[in-house]
Amino acid sequence: MQLYRYIIALLASAMLVPATVQAQDAPSMNVDAKAALLMEASTGKILLEQNAHEKLPPASVTKIMTILLVYEAIHDGKINPADMVTVSAHAAGMGGSQIFLEPMQQKTVQDLLKSVIIASANDASVALAEFIAGSEQGFVVMMNNRAKALGMNDTNFVNSSGLDTDGHVTSAYDIALMSRELINNHPGVFDFSTIWMDSIVHRTARGEQEFGLNNTNRLIRSYSGATGLKTGSTSRALYCISATATRDDMAQIAVVLGAPDPGTRFDEARKMLDYGFANYSVSMGEPKGTAKGFVRIQKGDVEEAEVVIGKQTSILVAKGKSKPMEHTVELLDGLIAPIPAGTKAGEIVYFQEGREVGRSDLVTTADVGKASLSDMLERVTRGWFGSSRH
């Protein structure tokens, strides 16, 4: 019965979206904003939160999802950074932050993406959305589907830019989830999000004109280790940010929604990031491929299989703890053949001062086939003769 409960727990954990766990004993916070959250990016652990699941308008922080989908389309080979995008009248007609695109103007995917990341250009965001999905509304469907896959249960997107629209909401928690997905899997975003000033060239019927891009994220210049990610402000959303920073191999995401003014938005994000770097660090578990014993195989052509660490894991540890990390190995009570190499056979669990701080899968190293009739007869005979000696 214990085996069955363990297997069910493993299957359930395998179906979950990337882990996000609140750090134990995380202090309460008093952020001058409607909602806020601090997350360590590699582990997904939450270090601080305030009204983290309150559904609020996110303004241009919305564009993190737009940027994520663009990078995923590039990664999947659906589009190329050098592809030319023809700007529609709808995209050119966007208000708010923009690079003043004109209908029928052509820009590369890379120029549009850079304009979204650095200058929060609404027109560039919509042009990319239409290029990928055929229409902005088609792209919004993609945004909501991706949000659902990431476990962003507080989110409903209505547009790709973040302009105030009824029903366009998300939460500090959900913003941290999509920020984490973007920076962990597409670190190329930092090539643009860390730029303070840049420019693009507009080519129109009137000739060429250079257009300046200024980063809306003040932390890029004023905070040590700042890497991005996205600001936003509208009359409904007030002032928002998803701020990312890295020091000593520890990456953090500080989300602030509904701050009363731009300065407060940056100050509160800075305070949260300072707290995380002062109180936590990231250590690495044992390397991938480290042998961790053998698991029993039922009905296999071998009776046991070696297991190793499947993936090295990041472990968030509190600074100032006196005892080193320890670990235990938890193996399944036998697997039933046939099983391919790489089958999950248990977990290695890490502890600090008796408290779990991380875990990683243990996997088999080789394929195991079904036992033949001769294998089974040999084992029965060996067992019979072995027992007859006593």
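Asparagine 51 counts as partly exposed, at 45% relative accessibility, in a model that is predicted. The residue is placed in the loop between β2 (46-50) and α2 (63-75), and its phi is near 50°, a positive value in a residue other than glycine. Most residues other than glycine have a negative phi, and most peptide bonds are trans.

Aspartate 249 also has a positive phi, of about 65°, although it is not a glycine. Its place is in the loop between β8 (238-247) and β9 (250-259), where aspartate 249 is exposed, with a relative accessible area of 73%. Being exposed here requires a value over 50%.

A cis bond joins glycine 228 and leucine 229, and leucine 229 itself belongs to strand β7 (residues 226-234). Another cis bond runs from alanine 337 to proline 338, and proline 338 lies in the loop between β15 (335-336) and β16 (344-352). The table gathers the backbone angles.

| Residue or bond | Angle |
|---|---|
| Asparagine 51 | phi near 50° |
| Glycine 228 to leucine 229 | omega about 20° |
| Alanine 337 to proline 338 | omega near 5° |

Turning to the helix α7, which covers residues 172-185, its 14 residues reach 20 Å from the first C-alpha to the last, close to the 20 Å expected at 1.5 Å a residue. Of these 14 residues, 12 are buried, so α7 is largely enclosed by the rest of the structure. A residue counts as buried when its relative accessible area is under 20%. Among the buried residues of α7 are Ile175, Leu177, Met178, Leu182 and Ile183, and the list also includes Asp174, Arg180 and Glu181.

Strands of a sheet pair through backbone hydrogen bonds, either parallel or antiparallel. For β15, the pairing with strand β11 (residues 291-298) is in the parallel sense and extends over two bridges. Within this pairing, glutamine 298 has isoleucine 336 of β15 as its bridge partner.

Notes: Residues numbered from 1 in each chain as written. Predicted model: local features only at pLDDT ≥ 70, side-chain atom pairs only at ≥ 80, totals over all residues. Heavy atoms only, no water. Helix = DSSP H or I, 4+ residues; strand = E, 2+ residues; numbered from the N terminus. Buried < 20%, exposed > 50% of the residue type's maximum accessible area, 1.4 Å probe, protein only. Expected span 1.5 Å × (residues − 1). Pairing = 2+ DSSP bridges.
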